[in-house]
Amino acid sequence: MLNRRHFLRNTTLAVSALAAPSILRAQNNKLVINSFGGAYEEIHRRLVITPFEEMTGIKVEVVTAYSADTLSQLRAQQEAPQFDVAHFSGGLETTAALEGLLSPIEPSELRNHDQMYEFAVSGISKGVGPTYSTAVIGLLYETNQINPIPTSWNDLLREGIGEHVLVTDAASNTYGLLSLLMMNHSLGGTMDDLTPGFEFVSKLLENGAVVVSKSPEIQQNFAQGSSWMAAYAQDYAYTLTKAGLPVRFVQPQEGAAFAPITVNLVANRPNREMALKFIDLSIRAEASEGWAEALRYSPTNRTVTLSGEVAEQVVYGEEAARNLVGFDPVVISDKRADWNEEWKRLLVR
Amino acid sequence: MTGLAPPASAHLMAGALVIFTAFVMLVPLGVVIASSFSESQFLVFPPQGFSFRWYREILSSEAYLSAAWTSLKIAVIVTTFSVLVGTPTAIALAKSDTPGRATLSGLFLSPLVLPTLIFGIGLLMTMSIWLGGASIWGLIVGHLVICVPYVIRTVSAVLSRADPLLEEAARTMGANVWKKYLHVVLPQCRTGMAAGAFFAFNISFDDAVIALFVRAPGVETLPIRIYGQLEFSPDPSVAAVSTLMILVSLALVLLVDQAIGLDRMT
Amino acid sequence: MAAIDSVRAQTRQESLFLLVPGVLVLLIAFLFPVGTILITSVVDWTEDGVFVLTTSHFEKFFVDDYYLKVAWRTLRLALVITLATAIFGVPLAYIMQRAHPTLRFIILLMVILPLMTSVVIRTFGWLVVLGNGGLLATLVAPLGFTGRSAVLMHTEAGIVIAMVQVLLPFMVLTVLGVLQGIGRELEEAGRTMGAGFWQVLRVIVLPLAVPGIVSGSLIVFALSLSSFITPSLVGGVRLPVMAGSIYQSIGGSFDWPFAAAQSVLLLAATLLLIIPYARLVRTSQ
C-alpha cells in the first residue's frame with residue numbers, strides 16, 4: 001500500500017507540475033520578485049533581498065522588469081503568476097489591484113505597519129502597496145545657467161531658456177505624467193480637466209523645448225550642457241549631482257508631486273506568508289533610511305532618522321511630507337489612456 | 001586596353017563614395033568601441049581618458065554574465081535546431097521533383113522579408129492566449145523562424161553548385177537511402193550548413209525585437225540587457241558589452257566567408 | 001518504365017519526408033502566430049467571455065488623423081530610405097564588381113558588418129554620433145553649425161541615416177548578384193565600339209541592373225516599413241512610426257486587438273510588395 005500511495009503522490013506531483021509550473025516553484029523554497037535593474041537593483045539586494053535570504057534561508061529570484069513590463073507579465077499570467085512580490089513605481093499598482101492581480105493585506109499582517117505614514121499604507125486593504133519609499137517630482141535646474149533659482153512651475157516659461165527646457169514624455173514615463181499633472185495643478189486645473197496643463201506644455205513646445213522619454217536622455221542633455229531646466233524627480237537630480245553635474249532640485253512653491261514606489265503582494269500565489277515577510281522587511285525603517293541615503297528617495301517610515309545633507313535632499317519629516325501633492329492613482333489609471341491619446345496628439349509632428 | 005579604363009573622374013567619385021560609405025557604416029560601431037575605453041561615467045563624445053574599467057565592470061557583473069549565458073544557451077539551441085530543420089528543407093527544395101517547389105521555397109524564405117515584429121507579437125499573443133504566458137521556449141521558437149531561412153539559403157547556395165551526378169551515381173550503384181544521405185548528400189551540404197549555423201548563431205545572439213516581446217520572467221538576453229541599460233542608465237559599460245558583441249559578429253561573418261564566401265549571401 | 005516510376009515515387013517520398021521538420025516549424029512558429037494576430041484583430045470579447053466579429057479595431061485606425069499621420073510618415077520614410085539606399089547601393093555594387101578582390105572583400109565586410117551587429121548596438125552608436133554634443137555636432141561646430149541645427153537626433157533625417165546603414169547591404173548584395181550575372185563582356189563591347197564610360201553605364205549597365213535594383217528596393221522598403229527599434233530610439237517620441245505605435249499599443253495602452261489590427265495592416269502592406277517581388281525573382285530565374 002505504501003508503494004501505491006507513493007506512486008499516486010508522485011504522479012499527482014508530476015501532473016500538477018506539468019499543469020502549473022508555479023506550484024513546483026513554490027515548493028522549491030524560492031520567492032520570485034521583480035526589481036528595476038542597475039544600481040537600483042544592487043541597493044535593493046543590499047537593503048532587502050540579501051537580509052531576507054539570510055533571515056529565512058529562502059532564495060529570492062530577481063527578475064529585472066520595470067513597472068509596465070511587470071504589469072503586462074502579471075496580466076499574461078493571471079491564472080498562474082510567476083511573481084510572488086511585485087514592485088511598482090508610479091501608479092500601475094493601482095491598475096493591477098483593480099484588476100485583481102494583487103492581493104489585499106491586513107494591517108495586522110505587517111509588523112511594521114504602525115510605523116508608516118498614513119499615505120504609505122492607505123491602499124493595502126485594496127491590494128495597493130505598501131509604499132516603501134517615494135520619489136518627489138519638482139524642478140531640476142543647471143546652477144550655472146539659471147539665475148535666480150526657480151521657485152515656480154511657471155519658471156519653465158522663463159524668457160530666453162526655451163530651447164533649453166526638457167519636457168518628459170507623459171505617455172511612457174510616469175514622472176513625465178506627474179510633471180504634467182503638477183503643471184496643470186499649479187495653474188488651477190483639476191484631474192477632470194487637464195486643459196491648463198496641456199496648454200502649458202504646448203507653450204513649452206512652441207518655445208522649442210526638447211521632449212525626451214527616458215531619464216538617461218535627461219542626463220545626457222544636462223551633461224552636454226544643452227539643457228538647463230526640466231521637470232523631474234529629486235532622486236534623479238541627486239544622480240546627476242553625484243556624477244559631478246551642476247544640477248540642483250527645487251520644490252516649487254505650488255508644491256511637488258510624489259510618486260510612490262510600492263511593494264505588492266501578488267494574488268493567486270501559494271506562498272503568502274513568505275511574501276508578507278519580504279514586504280514587512282521592505283518597509284522597515286532601516287530599508288527606508290537606506291534608500292534615502294543611497295538614492296535620495298524620501299522615506300515613508302515615520303521612525304526614520306536622517307541628518308545633514310541627506311535630510312536636506314529628500315522630503316523628510318511630517319511637516320515637509322504635508323507639502324507633497326498626491327494625485328489619486330485610481331483616477332490616473334482610469335483616465336490615463338485618454339490622456340495618453342491627447343498627449344500623443346499634442347506631441348506628434 | 002588603357003583606353004577602356006574608366007576616366008579619372010570615375011575613380012575619384014568611386015573613391016569618395018567608398019570612403020563616405022565606410023564612414024556611415026563603420027563610424028557608429030567605431031564610436032561604440034571608442035566609448036568603451038572611456039574613463040568617464042557618461043557616454044559623451046569624445047571619450048575622456050583611457051581605461052579598461054568598464055570591461056572589468058562587465059566581467060564582474062553578475063547581471064551581464066548571466067544575460068550572456070542566457071543568450072549563449074538560446075543561441076546554441078536555436079543554431080542546432082535551425083541546422084537540423086533547415087538542411088533537410090534545403091535538400092528537398094533542391095530536388096527538381098519536389099512538388100510545389102517554388103511556392104514552398106517562397107514560403108520558407110518569407111520570414112526573411114516579413115516584419116520580425118509580427119512574429120514577436122504573434123508569438124506573444126499565441127503564448128498568452130493558449131499557453132499561459134511567455135517562456136524561454138517561445139523565444140527559441142521565435143528565433144528559429146528567423147534563423148531557419150538563413151540555413152536554407154546557405155545550404156541551397158552550395159547545393160546549387162553541387163554535382164547532381166554524384167547522387168545519381170550513388171543511386172545507380174545501389175547505395176541505400178541512408179547511406180546516400182550520409183556519404184553523398186550531407187558532405188556536399190557541409191559548408192552551407194556551417195555558414196548557416198554561423199548566421200543562425202549570430203542572429204539569435206543579437207536579436208532584440210522578438211526577445212522584447214516574448215520575454216519571460218527571468219529570461220534576460222544580452223541585447224535586452226543592453227536595451228534596458230540604454231533606456232535607464234547608459235554608461236560606458238554598455239559600450240564595452242557592445243564592443244565584445246561586435247567582435248563576436250565580426251568573427252562569425254569571417255567564418256561565414258571562410259565557409260562559403262560572403263558574396264554568395266545575396 | 002516501371003522502374004523509373006518507382007524511383008521517382010521514392011525520391012518524391014524522400015522529399016516529403018525531408019520537408020516535414022521545416023513545415024512543422026513553419027506551422028507552429030509562423031502560420032499559427034500570424035493566424036492568432038489575424039483573429040485577434042477582428043474579434044471583440046464581451047463581458048461574459050463570448051466573442052463577436054468586429055471591424056472596430058480597423059475603423060479606429062482609419063478614422064483617426066493621428067494614425068493616418070503615423071502611417072504616412074512610415075510610408076514616406078520607407079520611400080526616402082529606399083531611394084537613399086539605391087543611390088548609394090547601386091554605384092557601390094558596381095564598384096565592387098569591378099574592384100580588386102581584396103578591396104571588394106573590404107567593402108563587402110564593411111557593408112555586412114553593421115547588418116550582423118545587434119540593432120541595439122548600432123542604434124546606440126547613432127545615439128552617440130547624432131546626439132547632443134555627439135560626434136557630428138562636434139565635427140560641424142567649427143563650421144558654424146551649433147545648437148539645435150547640428151543635432152540630427154529626434155529628426156527624420158537622423159532616422160533615415162541610421163536606417164540606411166542597416167539596409168544598404170540588402171541593396172548592394174541584390175544588385176551585385178545581378179551585375180555578376182551580366183558579366184563584363186557587353187560593357188567592353190560597348191567601350192570598344194566607341195561609347196564613353198558614363199554612356200556605357202547609362203545605356204548598358206543600368207538598364208540591365210534594373211531587376212536587381214527593383215528587387216533590392218522592394219526588400220529595403222518592406223524592411224523599413226516594419227523597423228522599430230531604430231526609429232523609436234533615434235526619432236524619439238515626437239516622430240512615431242507604425243511599428244512603434246504597435247509596440248505602444250501592446251505595452252503602453254494594452255490594447256492588443258488594436259495592436260493586432262495595426263500589425264495586420266503592416267503585414268498587408270508588406271505582402272503587397274513581397275508578392276510581386278517573389279514573382280519577379282521567380283521569372284528572373
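**Close-up views of a predicted model**

**View 1. Chain A as a whole.** Of the 349 residues of chain A, 51% count as buried (20 or more other C-beta atoms, placed from the backbone, within 10 Å of a residue's own). This is a predicted model: local features need pLDDT of at least 70, side-chain atom pairs count only at pLDDT 80 or more, and totals for chains, interfaces and linings use all residues. Residues are numbered from 1 along each chain as its sequence is written, while chains are lettered from A and ligands numbered from 1 in the order in which they are written. Chain A holds 15 helices and eleven strands (DSSP runs numbered from the N terminus: H or I, at least four residues, for helices; E, at least two, for strands). Its C-alpha trace spans about 90 × 45 × 35 Å along the principal axes.

**View 2. C:Leu225 in its helix.** C:Leu225 belongs to helix α9 (residues 197-226) of chain C. C:Leu225 is buried because 25 other C-beta atoms lie within 10 Å. Beyond its neighbours within four places in sequence, C:Leu225 is in contact with C:Thr74, C:Ala78, C:Leu266, C:Ala269 and C:Thr270 (contact: C-beta atoms, placed from the backbone, within 7 Å). C:Leu77 is 148 residues away along the chain, yet the two C-alpha atoms are separated by 8.1 Å.

**View 3. Where chain B meets chain C.** Here 73 residues of chain B are in contact with 77 residues of chain C. On the chain B side, α1(B) gives the most, with 15 residues. Other helices of chain B each supply at least two residues, including α3 (62-94) and α11 (236-260).

Technical notes
Buried ≥ 20, exposed ≤ 12 C-beta atoms within 10 Å, placed from the backbone. Contact = placed C-beta atoms within 7 Å.
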